[in-house]
Structures are given as structure tokens and as C-alpha cells.
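Dear colleague,

I am handing over a structure to you with this email, and below it you will find my notes on what was found. Please keep the model open beside the text while you read.

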Amino acid sequence: MLRLGCGAGFSSDRLEPAIDLAEKGALDYLVFETIGERTLAFGHRDRQLDPKRGYNPQLAARMRGVLGHCKRNGTRIVTNMGVANVAAAADVVVDVARSQGLSGLTVAAIEGDDVSDLIGPDTVLFDNHNKTVAEIGRPVVGANVYLGIDAIIPGLESGADVVITGRVADPSLFLSPLVHRYGWKRDDWQKLGQGTLVGHLLECGMQITGGYFADPGRKDVPRLAECGYPIAEVDERGNCVITKLADAGGMVTPRTVKEQLMYEVHDPAAYLTPDVTADFSRATVQEAGRDRVAVANGSGHKRPDKLKVTVGFDGGFFGEAGVSYAGPNATARAALARDILRERLAHRPGFEALRIDLIGINSLHATAHGPRAESADVRVHAAMRSATRDDVATMLWEVESLLCCGPAAGGGYRGQITPSVITHSALIDRGAVRSSVKVLRA
Amino acid sequence: MSRHIKLHEIAHARAGDKGNTSNVSVWVYDPGDYPLLKEQLTPERIKAAYPALIQGAVKRYTLDHLHGLNFVMQDALEGGVNTSLGLDSHGKSWSFLVLDLDVEVPDNRAG
């Protein structure tokens, strides 16, 4: 039996429950998964601002929290917290190990996901109506291919205590220890599919132990504020039980597992990763005790020939600003403020894409149902993206000016401008990608 | 005789995003409600309910043995998480937009 734990399911996931897992989880492997489309873009943005950054901002805090426990308990760490700067991230892990007296701790840095050299003006972006990179008309700031188990397993074979990567397919972080431990063949698509299912269930952390699930009165979750991260007990065939620490908050039930089973999945019979075309369509989900759910019957087919690449483009500057209205006729006053912003800005070149929402009325429902009932608590929220920082600053100024120049009793102005990276997806031939391992010692 | 209730009363759901594509899985609490879910919650129904939000096609996958449906909605996220100017650029709230739809249940249905 192999015990896998997940200590982060996204960039800003909580720290303390990961320390609990490292200390009390009796884990063989603790995995931190922290890259999404959004946070990879942030990584590129951060590295552009400072060449020594671009890895996960919580890397050092997480390592300080778990390295000692993991070393003591024989738990190895696998993580993609290198994000857009694996080399700098590996140095951070070594520094933390040294500062904690863990000399001799080894870190395997997996590189090769940066494929900027393979992206050119003619590269087709399949997720954007097959436009080319040139047609986007923005500078490329980075391109990362989704690496898989073939890139990660050499890090495990090196014996390193910590294996750190950039962009890899999320489930591959979990599948790699399974293939490494159980010696599954790289074309045993059934086992790779079931192992990918295990990884897919764990990769979002608390999303399977009660997070992203609670709906008071319908789906109540005990002690959600102290929710625990998941553990999978996986046998040599890949069958698993999903569970959590007994004293942690949250819950593991067939319902939490089923919701996660289809999370970010399109065709359940063809979930594509670099390792396998996984088939979750006949997966079984069965209660196996309190906070224990057995998952089996995942399968798979041959892996895809092409690998997915996330291409990041300079998105210029993103700005947002808002003002709030309350009490009688708040909706009408907020709508008037919105109309004033449109009248003063929308006709000007560069402001065509200005977006204005009324929070409290229909900002998330947008055009779904049209405006709902009168609200006594409405916030006008404007947003735009521009290559010209001054234009974004003009928008913020216009929103702030509503305090004195706009409808009655507008308050609570906030505005901010941040650099922006936008992303699209391309495919490249697997054979063009080369990954590497470099082992560092604390 | 029959009556209309919110889908939220008989089902739970989760939304996920990849690029400009949103997917929402919908699961009935009571397996006995699965046939009516499958009959009434068609891809055409979802596309018609949110025409301005869903610019592309809607495809439905069924997981009969788990009593769930998975809807995949193309061009439904205003360009996706790094492009959208909307407040919920991931489309996390999509699951509850779907649960806001009505379903028709028999009058004598418990609950």
C-alpha cells in the first residue's frame, strides 16, 4: 500500500493542514500542486518583474513547515511549485533545508517545460478558433508544455527527498510515485488510467474533503474552517481509498468524490494527459467507512502523440475600480453611475472594451436573467485591460470622481492596476520536448 | 399532476474551467430522481437558458451508474480566466446558475 497525500491543490492553498499531513499522515509521498492557468500566468509576470522570482510565493513557508516532518517520517515531496522558475525554486528549498539543519537533503529540479523556443508566429492556438500566435498581436512572455511521468520519474529515481517541477500535468505528480513504486509499464494504459484517476481526485486538495462543496442546509460540511487535505491509500493495481486525518475537519463521502471526479473533465472517457488517455467513464465510487471512499475501475488508452502548451502573452495592464451605493433607490443610483462612466469613457479610443458590472444585482448572473429585484446594497465595478497604463489610470480616476461628481452617496472607492498575462493553448510534437533532472544537495 | 421546483432542491453540481470552456457536473441526491434529471436537463435547455453567456456548443455526457450528467460549454467564459473582465473569471458560479433552473416533478414526490 502506498500512501499519497496532497498538501496543496492550488497556489494559495492553506498551510497548516499540510503540516498536519506531514506530521501525522504516515505518508510515503506528500504532493503540492499549485499551478493553474491563472497562476502560471502570474509566475511569468513575477519573473518578468524580478528574474529571481516566478516560483510559488508560498514555497519557502510550505517547506519551512513540512521539510523536518517529512525527513523524519521518510516522506518524499513532489511539487510543481517551481512554476515559471524551477531553478530559483530549487535554490529556495536548499536554503530552507540548510536553515533548518537538514544538511544532506537532496532536491531534484525537473526542467524542460519551458518550450518558448518551439513557439513561433505560425503556431496555432487550438483554444482560440485556431488563430496563430502572430494574430494575437501581443509579445509572447513564455510557453510551457505539460510534462508528464517521463520527466518526473527520473527525479524520483535519483533518490531526491524533494522533486520540484514547473508545468507538469497535475495528475502526473501523483501518478509518478505509483509508477515508480509499483513498476507499472509505461504502456499499461489501464493502470496508468486508474493511477491518473487517483491523481485527478487528489490534485485539488480539499475539493474532495469538503471544500468547494458546502452549501448550508443542503450540503453541510463539519468544521469546514479546519478542513483537512486528502490522503489516498493506493494498492499495486491502482485501486484506492480516499480519506483524511481522523481529527481534521471536512468529510469524504461519495458526493464529494463524485463532484471532484468530473472537475475540469470534458469527455469522461477521454481525459488527456501526457501519460495516458484516461477513461473515468466507468469509475466506481463506494463508501468504505467513515470518511473513506473506495474508487476503482478507472481505465485508459494510448497516450496522445501531441502535448499541450500554455502560451503566455503580455496582456498589458489590468485595472478594476468600484464605488458602492446603499439604501432606498440604490439600484437606480448605481445604474446612473454606470451610465455616467459609459458616457464619459466608452466613446474614447482604447476604452471600447470597458466592462461595468453592478455587484448585488447581476454581476455574476450577467445577462442570464436580466436585473433581479431591487437591492439596497449595490457596487458599481468597472474593469478593463490595456497596453497603456495611463488609460487604465484614467478609468480609475473616472470611477473615483463619482464620489463628488456622481449620484448621491457613492462611497467605498477602491481601485488597482496590475500587470497582466493572458494565455492560450497550442499543441506540439512529443518528440520535440526534452526534460532534464539536476540534483542539488543542502 | 406536477409542479416546478429548483434543480437545487434535488441535485448538487460543480463547475470547472479549461481555457474558454466551462464544464458543470450535476448529480442527483436521490437516484430515483435521475431519470427526470436526464430527461429534462438537456444541453439545448442549458444553452437556451443562458444564451448570452454560452457563445458556443453545449455537449452532455452521462454517468448513469453514478447518477450524474456532465455538461461541457464551449466559449462560455468570456475568453477564459486570464482574459475575461468578469468578476468570476473562472466561472466557479456556473454550477449554481445551472441549479437555478426549474425541473418538473410529480405532485406526490416526497420533499
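At what angle do helix 6 of chain A and helix 7 of chain A pack, and how far apart are their axes? The angle is about 55° and the axes are 9 Å apart, where axes are lines fitted to C-alpha atoms, for helices over the stretch in contact, and angles run from 0 to 180 degrees between N-to-C directions.

Before going further, please note that this is a predicted model, in which local features need pLDDT of at least 70 and side-chain atom pairs count only at pLDDT 80 or more, while totals for chains, interfaces and linings use all residues. Residues are numbered from 1 along each chain as its sequence is written, and chains are lettered from A and ligands numbered from 1 in the order in which they are written. Helices (H or I, at least four residues) and strands (E, at least two) are DSSP runs, numbered from the N terminus.

**Helix 6 and its surroundings**

Helix 6 of chain A and helix 7 of chain A are oblique to each other, a word for what remains when angles under 35 degrees count as roughly parallel, over 145 as roughly antiparallel and 65 to 115 as roughly perpendicular. On the side of helix 6 of chain A, the contact is made by A:Ile149, A:Ile152, A:Ile153, A:Leu156 and A:Glu157, and the residues from helix 7 of chain A include A:Leu173, A:Pro177 and A:Val179; two residues are in contact if their C-beta atoms, placed from the backbone, lie within 7 Å. Sorted by class, this contact has eight nonpolar, three polar and one charged residue, where Ala, Val, Leu, Ile, Met, Phe, Trp, Tyr, Cys and Pro count as nonpolar, Asp, Glu, Lys and Arg as charged, and the others, Gly among them, as polar.

Among the buried residues of helix 6 (residues 149-157) of chain A are A:Ile149, A:Ile152, A:Ile153 and A:Leu156. A residue is buried if 20 or more other C-beta atoms lie within 10 Å of its own, exposed if 12 or fewer, and partly exposed in between. The elements that cover the buried residues of helix 6 of chain A include helix 7 (170-182) and strand 20 (436-441) of chain A. Just after helix 6 of chain A comes A:Gly159, with a positive phi of about 85°.

Chain A is divided into domain 1 (2-112 + 147-304) and domain 2 (312-422), with bounds that come from an automatic or database domain assignment. The centres of these two domains, taken over C-alpha atoms, are separated by 38 Å.

Helix 10 (residues 330-345) of chain A packs against helix 11 (residues 389-405) of chain A at an angle of about 140°, with axes 10 Å apart, and that angle makes helix 10 of chain A oblique to helix 11 of chain A. The crossing of helix 10 of chain A and helix 11 of chain A is right-handed. The residues that make this contact include A:Ile340 and A:Leu341 of helix 10 of chain A and A:Val399 and A:Leu402 of helix 11 of chain A, and by class the contact has seven nonpolar, no polar and two charged residues.

Most residues other than glycine have a negative phi. A:Ala409, in the loop between helix 11 and strand 19 (411-429) of chain A, has a positive phi of about 65° although it is not a glycine, and A:Ala409 counts as partly exposed because it has 14 C-beta neighbours inside 10 Å. B:His67 has a positive phi near 60° and sits in the loop between strand 4 and strand 5 of chain B; with 21 C-beta neighbours inside 10 Å, B:His67 counts as buried.

**Where the chains touch**

The contact between the chains takes 28 residues from chain B and 35 residues from chain A. Strand 2 (11-18), strand 3 (21-28), strand 4 (58-63) and strand 5 (68-73) of chain B each supply at least two residues of the side of chain B that touches chain A, and strand 2 of chain B gives the most, with five residues. That side of chain B divides into twelve nonpolar, twelve polar and four charged residues.

With best wishes

How values were computed:
Left-handed = near helix turned anticlockwise from the far one by under 90°.
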